[in-house]
Amino acid sequence: MQFLSYLINGLGLGSVYAIIALGYTMVYGIAKMLNFAHGDVIMIGAYIAFFALARFGFPFPVAVLLAMLVCTTLGVVIERLAYKPLRQATSLSVLITAIGVSYFLQNGAQILWSSSSKVFPSVISAGSIHLGSASVSYLTILTILTCIVVMICLTLFINKTKTGSAMRACSEDKGASMLMGINVNRIISITFAIGSGLAAIASVLLASTYPSVYPTMGSMPGIKAFTAAVFGGIGSIPGAFVGGLILGIIEIFAKAYISTQLSDAIVFAVLIIILLIKPTGLLGKKINVKV
Amino acid sequence: MLKVTDLKVKYGMIEAIKGISFEVRDGEIVTMIGANGAGKTTTMHAISGLVKAAEGSIMLDGTELTKTAPHKIVSMGLAQVPEGRRVFAQQTVEENLNLGAYLRKDKDGIANDMEEVFQLFPRLKERRTQLAGTLSGGEQQMLAMGRALMAKPSILLMDEPSMGLSPLLVSEIFRIIREINDKGTTILLVEQNAKRALAIADRAYVLETGKITLEGSGEELANDERVQKAYLGG
């Protein structure tokens, strides 16, 4: 039963994409910008976890928390320094700045830690469980569970808390939100903080699955997760979840049944087809133009 | 209470407000009438801090609002019912009302005020769990007013509350504006429906292409020949 194990591995990879995609989609929903430096925040998170584990011998949970702390701070600082001054600028200027921040982080990492890759220690026990004839590693199970927990917590936060309600308000109408007394800049900071904290979680899962850490490691997962966010409907949180999972499954199936080299091309081809049929993505909202 | 002096607002090179001065005293209903594009909404946005003043001053109880962040202005007791209602369509009636009380911490007070809003607008109570986007235009206007009242403002700015409503609803809205004022809230009302607005206003201003051209009591302006010609179809 190869099919089942491919499916579960696809869900595992898709879970990582989904967690990263949440960062893209939340920032887009509230700040209306594409934060192309998001993938590189993952890379920084992976380095932090690597040093915490391999150099300082911290226990795994401490390493994860440390990575989250650094990434959250980094996300907020990037927003303050690079994006906030451009609040009134055209979206093209913001996009170019985001790409600039991405290169800055990659090259900064290269200067600090060299371009050669480092081997991420395997912390999660290499064992696996058997489901019928399919075997699934503990890491894959942990990844899927993490994604589910993240989704539940985030959905509750967005829908049930006052800050969550303010975030939804800002995504709909910033001017009206200001009239409610909502500090929109603070809400944008919180959004970047949450997205970057999630990127740190993704970085540890990613580096445990593909155990090498190097300055450009965030690019490809970043682009794939961005694709997942667009695929599911950018701005939609359930969309990022569904988009991430489907993308992961397509990628693993394409690798298993068609071709390893072509798997990325197939993933992007599917994206193009979906967007041709449904331009707002799977769960994207219809854009209503009201007169 | 609110005193605007030589206010100028520019959009790029275009001067939308060309140096206006007016004031709203404690307990009054003051109305500003004028045609489309006269600068009424721009003035309202400048007071709430949504657009920056190029020159001049806006004082609320001795604090300069042109240098104050929009959310701080709300915390000083100034709320606004914006033009076009701008309710949060994807959130329920109740969530919208709670957003109106965003800066308040007094849970009991918020619950009390929500009951008061429901007394003022019983329709909102029936629809409290419904998404605001599914309400009719009149109901959305009621929600926008209720939402602003949830901030417990001492001064309420209202931008075209009667726009697009049926005559029956317009009467209802103006009756409620009176009632809100009677309960002690100062009101600055911007309207195209000059007749109705002048009828309830203590004092009024006429705004024409970014300048105030006339001012007086509501009654004086309602009887003014120029106002009758330009705004009352007389």
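At what angle do helix H6 and helix H8 of chain A pack, and how far apart are their axes? That was my way into this predicted model.

**Entry 1: two helices in chain A**

I took H6(A) as residues 162-172 and H8(A) as residues 184-209. They pack at an angle of about 105 degrees, and their axes are 10 Å apart. Angles of 65 to 115 degrees count as roughly perpendicular, so H6(A) is roughly perpendicular to H8(A).

Next I looked up who touches whom. From H6(A) I noted Thr163(A), Ala166(A), Met167(A) and Cys170(A). On the H8(A) side they meet Val184(A), Ile187(A), Ile190(A) and Thr191(A). I sorted the residues of this contact by type: six are nonpolar, two are polar and none is charged.

**Entry 2: where the chains touch**

How many residues does each chain bring to the contact? I get 14 residues from chain A and 20 residues from chain B. On the chain A side, H6 and helix H7 (174-179) each supply at least two residues. H6(A) turns up again here, with the largest share of that side, five residues. By type, the chain A side divides into seven nonpolar, four polar and three charged residues.

I also jotted down the scores. The model has ipTM 0.94 and pTM 0.92. For chain B the mean pLDDT is 95, and 100% of its residues reach 70 or more.

**Entry 3: the six-stranded sheet of chain B**

I traced an open sheet of six strands in chain B, in the order S6-S7-S8-S3-S9-S10, with mixed pairing. Its edge strands are S6 (78-81) and S10 (211-217), each pairing on one side only. Neighbouring strands here are turned by 15 degrees against each other on average, direction ignored.

S6(B) and strand S7(B) (residues 155-159) run parallel and are joined by four bridges. One pair I wrote down is Val81(B), whose bridge partner in S7(B) is Met158(B).

Which helices lie across these strands? I found helix H1(B) (residues 40-48) across S3 (29-33), S6, S7, S8 (186-191) and S9 (203-208) of chain B. H1(B) runs at about 150 degrees to S7(B). Helix H6(B) (residues 137-149) lies across S6 and S7 of chain B, at about 175 degrees to S6(B).

**Entry 4: the four-stranded sheet of chain B**

Chain B also has an open sheet of four strands, with the order S2-S1-S4-S5 and antiparallel pairing. The edges are S2 (14-24) and S5, each pairing on one side only. H1(B) packs on this sheet too, touching S1 (2-11), S2 and S4 of chain B. Its direction makes about 70 degrees with that of S2(B).

I counted bridges for two of the pairings. S1(B) and S4(B) pair in the antiparallel sense over five bridges, and Thr5(B) has Ser57(B) in S4(B) as its bridge partner. S4(B) and S5(B) also run antiparallel, joined by two bridges. There, Met59(B) stands opposite Glu64(B) in S5(B).

**Entry 5: the turn from S4(B) to S5(B)**

The hairpin of S4(B) and S5(B) has two residues between the strands. Asp61(B) sits in that loop, and its phi is positive, about 45 degrees, although it is not a glycine. I stopped on this because most residues other than glycine have a negative phi.

Is Asp61(B) buried, partly exposed or exposed? It has 13 C-beta neighbours inside 10 Å, so Asp61(B) counts as partly exposed. Gly62(B) lies in the loop between S4 (55-60) and S5 (63-64) of chain B. Gly62(B) has 7 C-beta neighbours inside 10 Å and therefore counts as exposed.

Where is Ser114(A) found? Its place is the loop between helix H4 (91-113) and strand S1 (118-119) of chain A. I count 11 C-beta neighbours inside 10 Å, so Ser114(A) is exposed.

Terms used
Residues numbered from 1 in each chain as written. Chains lettered and ligands numbered in written order. Predicted model: local features only at pLDDT ≥ 70, side-chain atom pairs only at ≥ 80, totals over all residues. Axes fitted to C-alpha atoms, helices over the stretch in contact; angles between N-to-C directions. Parallel < 35°, antiparallel > 145°, perpendicular 65-115°, else oblique. Contact = placed C-beta atoms within 7 Å. Nonpolar A, V, L, I, M, F, W, Y, C, P; charged D, E, K, R; others polar. Buried ≥ 20, exposed ≤ 12 C-beta atoms within 10 Å, placed from the backbone. Pairing = 2+ DSSP bridges. pLDDT = per-residue confidence, 0-100.
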